[in-house]
Amino acid sequence: MAEARSGAALVAAAAVVALLVLALAPEGSRAERFIVGDAARWTWGYNYTDWVIKKGPFFQNDTLVFMYDPPNATVHAHSVYMMRNAADYQSCNLKAAKLVAGVTQGAGSGFEFVLTKRKKHYFVCGERGGIHCTMGQMKFIVKPKSSACRDD
Ligand SMILES: [Cu+2]
């Protein structure tokens, strides 16, 4: 009887410890890492808006990895810019855009962008004066949710 009681107490203690560990885990500890475009990577003609719908929702502190080869004789240059607002994003107007990663930064294991802010991120490729954005579909919007809302 005493053994059964102490067994139950142990189970209860273990449960308390498990709950404490969960509660003390830093926010974003379950952050995920996404290769933008998956096997297609960051390239002309892939529909990244569809990709976002398929992969989402995204959460704060998730990482986006942009992978693209540096330009050479056979590979066109790509880059990553962030648009300041929806209007510039819609029209692929790069005048006020902020450079996030240059043409060589997507090489190797790629360029990592951590979604630290819960704002709308307007990502585009800035090459050929915006043509990769307008004609090449190299654009997408991500608005990370609070990592506290992650439930899977
Ligand atoms: Cu491009």
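I started with the contacts of methionine 83, and, leaving out residues up to four places away in sequence, I found that it touches Asp88, Tyr89, Ala97, Tyr122 and Val124; a contact here requires that the C-beta atoms of two residues, placed from the backbone, lie within 7 Å. This is a predicted model, in which local features need pLDDT of at least 70 and side-chain atom pairs count only at pLDDT 80 or more, whereas totals for chains, interfaces and linings use all residues. I number residues from 1 along each chain as its sequence is written.

Methionine 83 sits in strand β3 (residues 80-83); helices (H or I, at least four residues) and strands (E, at least two) are DSSP runs numbered from the N terminus. I looked up the distance to one of its contacts, and the C-alpha atoms of methionine 83 and valine 124 are separated by 7.3 Å, although the two residues are 41 residues apart along the chain. Methionine 83 counts as buried because it has 26 C-beta neighbours inside 10 Å; the cut-offs are 20 or more other C-beta atoms within 10 Å for buried, 12 or fewer for exposed, and in between for partly exposed, with C-beta atoms placed from the backbone.

Next I went through the whole chain, which has 4 helices and 7 strands, in the order α-β-α-β-β-α-β-β-β-α-β from the N terminus on. Buried residues make up 26% of the 152 residues, and of the contacts with a separation of 6 or more, 72% are between residues 24 or more positions apart.

I then traced an open sheet of 3 strands, with the order β1-β2-β5 and mixed pairing; two strands pair if DSSP finds at least two bridges between them. Its edge strands, each pairing on one side only, are β1 (33-35) and β5 (111-114). Strands β1 and β2 (residues 63-66) run parallel and are joined by 3 bridges, and arginine 33 stands opposite threonine 63 in β2.

The peptide bond from glycine 56 to proline 57 is cis, with omega near 0°, and proline 57 is found in the loop between α2 (48-55) and β2. Arginine 128, in the loop between β6 (121-124) and α4 (131-134), is not a glycine, yet its phi is positive, near 55°; I noted it as partly exposed because it has 15 C-beta neighbours inside 10 Å. Glutamine 137, in the loop between α4 and β7 (139-142), also has a positive phi, of about 60°, without being a glycine, and with 18 other C-beta atoms within 10 Å it is partly exposed.
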